[in-house]
Amino acid sequence: MSQATRSSAPPSLWTIIVMMSLILYVPLIWLAWGSFHELQSDGKWVFTLRWYGELWGDQLVWQSLSNSFYVAFISSCISTFLGAIVGLSMTQESIWQKKFIQVSTSISLALPEIVFSISLLLFFFILNIPLSLNTVILAHALFSFAFVAMTVTARCCLFDQAQVEAARDLGANDTQIILKIILPFLSPALFTGWVLSFLISFDDFLLAFFLNGIGSDTWPVKLYSAMRAGLSPKLNALTSCMMLISMVILLSFFYLRFRKGKEAT
Amino acid sequence: MIKWTKLSWLTVVWLLFFLALPLLLLVALSFAQKGVYGGIDWTLNFVNYNRAFSWTHFRIFWRSVEWAFLAALICSVLSFGTCWILMTVRSNLRVTILGFLCLPALINVIIRLYALKNFVGTNGPWPQILDLLSIPYDPQALTANPYLVLIGFILSYWPWALLPLYASFERMDFALVEAAQDLRANFLQVFRHILWPQLKLPCLSSFLLVFIPCLGEFVIPDILGGAKSMNFGNLLVDKFLKSRDWPLGASLSIILIIGVVISFSFQKMNEERQ
């Protein structure tokens, strides 16, 4: 009965949802469809796996993908390590540092990414550091640190100082307290932070575009430069694969979180 | 615990060195000068700001503000409608629809733009649809026009408006709407007397959350806009990577930062009022 008394919204608003879903999904579906088809000279589309075959044989694509994985892995490890340190100091009493981390986090989140990349480019130029994958790693670690710090800060609000005092009363030393109490307490936040920074780094275009060296393209940069040269069905195959991968990762991530949330309640 | 907390200085040093120092350098550079042979001449002057405040730059800046404004406005109107609809469906369906609508925005931006460009391009279905409806179009401008940029903005930043607004809708007491409808209020009256007074501040928030990132956007106008529609972000990239006039680019980015800071302080004020 409660469902029946639910009020209605203007029915015309449904067109918004329908229209937006069409605009959002139809190009993506067309892309995936096009990656399996070839346009014949008589204007007919014929099914083919040719583009995937060409993609499989393309050394440069594999190179850029492995670059991306490498960058994402190292940079997310760095930012998670720094996030762990932040967590350590936040579970102690150090208001000053808390404030500092908060300010710098909000700066790096609010700053347009383009200004962020320009300033790093300038920085590397002045210090005479040649651009390479390492500079991209550094930039990504710096950028995703803000997200790790956010998850860690949120977790640290729940920390109970009494645990540490109890452990100390029982004769635990500093190392034991950190290994047995603080790190296990922080680990969910650190894990979420690690996954987030991996995804951010793997997905990022602008920082890599500015800061990569010659021949060290990550895959979004590679795709961008291939696109500048012109659209080709091989790119359809590449983008469809990447789309599928990110869809699967995202859906499983959300599914896991959703299930965990359900168990908690 | 003293020994371990010392480690946290590492993060402070890291942030000072890699976040604060580059920004300070950028500020310093904006007061330097372009050297005769293309390098940087570190003498204090305001030449760049004089050059930055030229008519062409102002036009580009104004156009980015216009486009960002339009995109933000459309996004917040669309999300308002969507949230209203969502509040009337079953609650376990809401999250699913929300996820369905936000999922494409999480796919890499280049892929999304590529898909859009592929769709409207000469081999795609869009020209054929236009032919079928006998709408005249310019085949040269199919894959590169300002409207496409606007669509790109909306598709990319829509969740930024949708999710916070949805959160405010959920917090609102929706029984008020039901009561009003029981009292024979029509949709316009419900909107004017119940939804709008409670949701105008969250609406402004979601407007700004779209407006701010659109202001300095580079990739979307670069891929979908063609040569004619230059955004402020494109201008910056142009100055830094193409014409290599770094000091001028630095002063332009300081102007962008100021614009963003102003919009953010609006946003902060707005949040506090909520």
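Two residues are in contact if their C-beta atoms, placed from the backbone, lie within 7 Å.

**Figure 1. The contact between chain A and chain B in the predicted complex.** Chain A contributes 66 residues to the contact, and chain B contributes 64 residues. On the side of chain A that touches chain B, two or more residues come from each of helix 1 (14–35), helix 3 (59–91), helix 4 (95–110), helix 5 (113–126), helix 6 (133–156), helix 8 (174–203), helix 10 (219–229) and helix 11 (233–264) of chain A. The most is given by helix 1 of chain A, which supplies 14 residues to this side. By class, the residues on the side of chain A that touches chain B comprise 48 nonpolar, 15 polar and 3 charged. For the complex, the predictor reports an ipTM of 0.86 and a pTM of 0.87.

**Figure 2. Chain A, its secondary structure and its extent.** Chain A contains 11 helices and 2 strands, arranged along the sequence in the pattern α-β-β-α-α-α-α-α-α-α-α-α-α. Its radius of gyration is 24 Å, whereas the globule rule gives 18 Å for 265 residues; the value for chain A is well over that figure, so the chain is more spread out than a compact globule. Taken along the principal axes, the C-alpha atoms of chain A fill a box of roughly 85 × 70 × 30 Å. Of the 265 residues in chain A, 41% are buried. Among the contacts in chain A with a separation of 6 or more, 78% involve residues 24 or more positions apart.

**Figure 3. The two domains of chain A and the contact between them.** The domain assignment divides chain A into domain 1 (11–52) and domain 2 (60–264). Taken over C-alpha atoms, the centres of domain 1 and domain 2 of chain A are separated by 33 Å. Their contact involves 8 residues from domain 1 of chain A and 7 residues from domain 2 of chain A. On the side of domain 1 that touches domain 2, helix 1 and helix 2 (50–56) of chain A each provide at least two residues. Helix 1 of chain A accounts for the largest share of that side, with 5 residues. The side of domain 1 of chain A that touches domain 2 of chain A is made up of 5 nonpolar, 2 polar and 1 charged residues.

**Figure 4. The largest nonpolar core and the surroundings of B:Cys214.** The largest nonpolar core has 141 residues, and those with the most contacts inside it are B:Ala71, B:Val210 and B:Cys214. Helix 6 of chain A gives the most to this core, namely 15 residues. Because domain 1 (11–52) and domain 2 (60–264) of chain A both give residues to this core, the core lies between them. Leaving aside residues up to four places away in sequence, B:Cys214 touches B:Trp67, B:Ala68, B:Ala71, B:Ala72, B:Phe153 and B:Tyr157.

**Figure 5. Chain B, its secondary structure and its extent.** Chain B comprises 13 helices and 2 strands. The radius of gyration of chain B is 23 Å, well over the 19 Å that the globule rule gives for 274 residues, and the chain is therefore more spread out than a compact globule. The C-alpha trace of chain B spans about 75 × 70 × 35 Å along its principal axes. Of the contacts in chain B between residues at least 6 apart in sequence, 73% join residues at least 24 apart. The average pLDDT of chain B is 87, and 97% of the residues score at least 70.

Figure 6. A:Val195 lies in helix 8 of chain A. This residue counts as partly exposed because it has 15 C-beta neighbours inside 10 Å. A:Val195 and A:Ala72 are 123 residues apart along the chain, and their C-alpha atoms are separated by 9.8 Å. A:Gly171 occupies the loop between helix 7 (161–169) and helix 8 of chain A. With 7 C-beta neighbours inside 10 Å, A:Gly171 counts as exposed, since a residue is exposed if 12 or fewer other C-beta atoms lie within that distance.

Terms used
Residues numbered from 1 in each chain as written. Chains lettered and ligands numbered in written order. Predicted model: local features only at pLDDT ≥ 70, side-chain atom pairs only at ≥ 80, totals over all residues. Helix = DSSP H or I, 4+ residues; strand = E, 2+ residues; numbered from the N terminus. Nonpolar A, V, L, I, M, F, W, Y, C, P; charged D, E, K, R; others polar. Buried ≥ 20, exposed ≤ 12 C-beta atoms within 10 Å, placed from the backbone. Domains from an automatic or database assignment. Rg over C-alpha atoms; globule rule 2.2 N^0.38 Å. Core = buried A, V, L, I, M, F, W, Y, C linked by C-beta atoms within 7 Å. pLDDT = per-residue confidence, 0-100.
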